[in-house]
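Please look at the sequence and the model before starting.

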Amino acid sequence: MSTDTNRTESNKAAARRLYEEVVNNGRLELLDDLIDSDADDETRARAGWSAGRDGFRQHVVWLREAVGDLKTTVTDLVAEDDRVVVFWRIEGIHKGDVFGVPATGRPIDGTSISWITFHDGRIVSYDVLPDRLTILRQIGGVPV
């Protein structure tokens, strides 16, 4: 395999670890290896979280608190060079504020797409586009 192919495969593996180990299992210590210290979580500004790795940590902590019995499943990864697009599913119980809706105890089952940019094997940029409408319908935030 070429160096570019190795790098792309390594980035895909790191993206998968973000969901399977950090988000699902709460292994926040892995963020030190996966995330560049000044990385930008694009969702940070919308949520008021800190910049850099701390913002990623806050994002994961919020998600794990807002969605009980949280399980994310990577359904597909598409990558080229230092960019990885992750298609993933989220399942769990609505336990905290999600998209402005307080906890309802209802199940959540939705999909999201994330764009991740790597530099030297670490995440430097992250953005996610969840299927908000589906999730809001499930938790009673909009009528079905």
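**Exercise 1. Find which residues of the largest nonpolar core touch the most other members.**

Solution. Start from the term itself: a nonpolar core is a set of buried Ala, Val, Leu, Ile, Met, Phe, Trp, Tyr and Cys residues joined through side-chain atoms within 4.5 Å, where buried means under 20% relative accessible area, exposed over 50%, and partly exposed in between, with a 1.4 Å probe and protein chains only. The largest such core holds 34 residues, and those that touch the most other members are L18, Y19, V86, I90, I116, I123 and Y126. Next, ask where the members come from: helix α1, residues 3-23, supplies the largest share of this core, with six residues. Finally, take V86 as an example, using contact in the sense of heavy atoms within 4.5 Å: if residues up to four places away in sequence are not counted, V86 touches A15, Y19, V74, D76, L77, S112, I113, S114 and I116.

Before going on, note that this is a predicted model, in which local features need pLDDT of at least 70 and side-chain atom pairs count only at pLDDT 80 or more, while totals for chains, interfaces and linings use all residues. Residues are numbered from 1 along each chain as its sequence is written, and side-chain values use heavy atoms, with hydrogens and water left out.

**Exercise 2. Is H59 buried or exposed, and which residues does H59 contact?**

Solution. First locate the residue: H59 sits in helix α4, which covers residues 52-66. Then consider its accessibility: H59 counts as buried because its relative accessibility is 11%. Leaving aside neighbours within four places in sequence, H59 is in contact with D41, T43, W49, Y126 and V128.

**Exercise 3. Locate D81 and F99, and state what marks their phi angles.**

Solution. D81 lies in the loop between β2 (67-80) and β3 (83-94), whereas F99 is found in the loop between β3 and β4 (107-119). Phi of D81 is near 55 degrees, a positive value in a residue other than glycine, and phi of F99 is likewise near 55 degrees, again positive in a residue other than glycine. As for accessibility, D81 counts as partly exposed at 38%, and F99 counts as partly exposed at 28%.

**Exercise 4. Work out the surroundings of V78.**

Solution. V78 belongs to strand β2 and is partly exposed, with a relative accessible area of 43%. Apart from neighbours within four places in sequence, V78 is in contact with R83, V84, V85 and F87. V78 and W115 are 37 residues apart in sequence, and their C-alpha atoms are 9.7 Å apart in space.

How values were computed:
Helices (H or I, at least four residues) and strands (E, at least two) are DSSP runs, numbered from the N terminus.
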